[in-house]
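Follow the paragraphs below with the coordinates open in a viewer. They go through a few local features in turn.

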Amino acid sequence: MNMGLEIIVLLLLCVGVRAFLFEIKFEYTRHKLRNKHELFEIFLDCPFCNGFWTGLFGYIIVVGLDFVTLPFAILVGTSSYYLKLFTKNLK
């Protein structure tokens, strides 16, 4: 498979996993943790932070560690931030 196509598929997969985990599946758990401490509130409500860690672990699991790992995690974080920014008015 083409490396550019692999990155795009992995990007879409990581953004989808991030949206599923942080927006749909663990809504109740996030709400409970937000009330525990202010630090949880900051990190659980930050789409860039969620996307960064999802992208980092997704890339490491699928491809492994190499020179693209950190830029890919930043790309997923940025993508999830803008996706959240564009879709926040849809609710």
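Glycine 64 comes after α4 and has a positive phi, near 105 degrees. Helices here are DSSP runs of H or I with at least four residues, and they are numbered from the N terminus. This is a predicted model, in which local features need pLDDT of at least 70 and side-chain atom pairs count only at pLDDT 80 or more, while totals for chains, interfaces and linings use all residues. Residues are numbered from 1 along each chain as its sequence is written, and side-chain values use heavy atoms, with hydrogens and water left out.

Helix α4 itself covers residues 47-62. Buried residues (under 20% relative accessible area, 1.4 Å probe, protein chains only) in α4 include Gly55 and Tyr59.

Tyr59 also belongs to the largest nonpolar core, whose 8 residues are Ile7, Leu10, Leu11, Cys14, Val15, Tyr59, Phe72 and Val76. Such a core is a set of buried Ala, Val, Leu, Ile, Met, Phe, Trp, Tyr and Cys residues joined through side-chain atoms within 4.5 Å. Helix α1 (3-25) and helix α5 (69-87) each give two or more residues to this core, and the largest share, 5 residues, is from α1. Beyond four places in sequence, Phe72 has contacts (heavy atoms within 4.5 Å) with Gly55 and Tyr59, among others.

Arginine 34 lies in helix α2 (residues 27-36). Its relative accessibility is 19%, so arginine 34 counts as buried.

Key: Buried means under 20% relative accessible area, exposed over 50%, partly exposed in between (1.4 Å probe, protein chains only). The expected span of a helix is 1.5 Å times one less than its number of residues.
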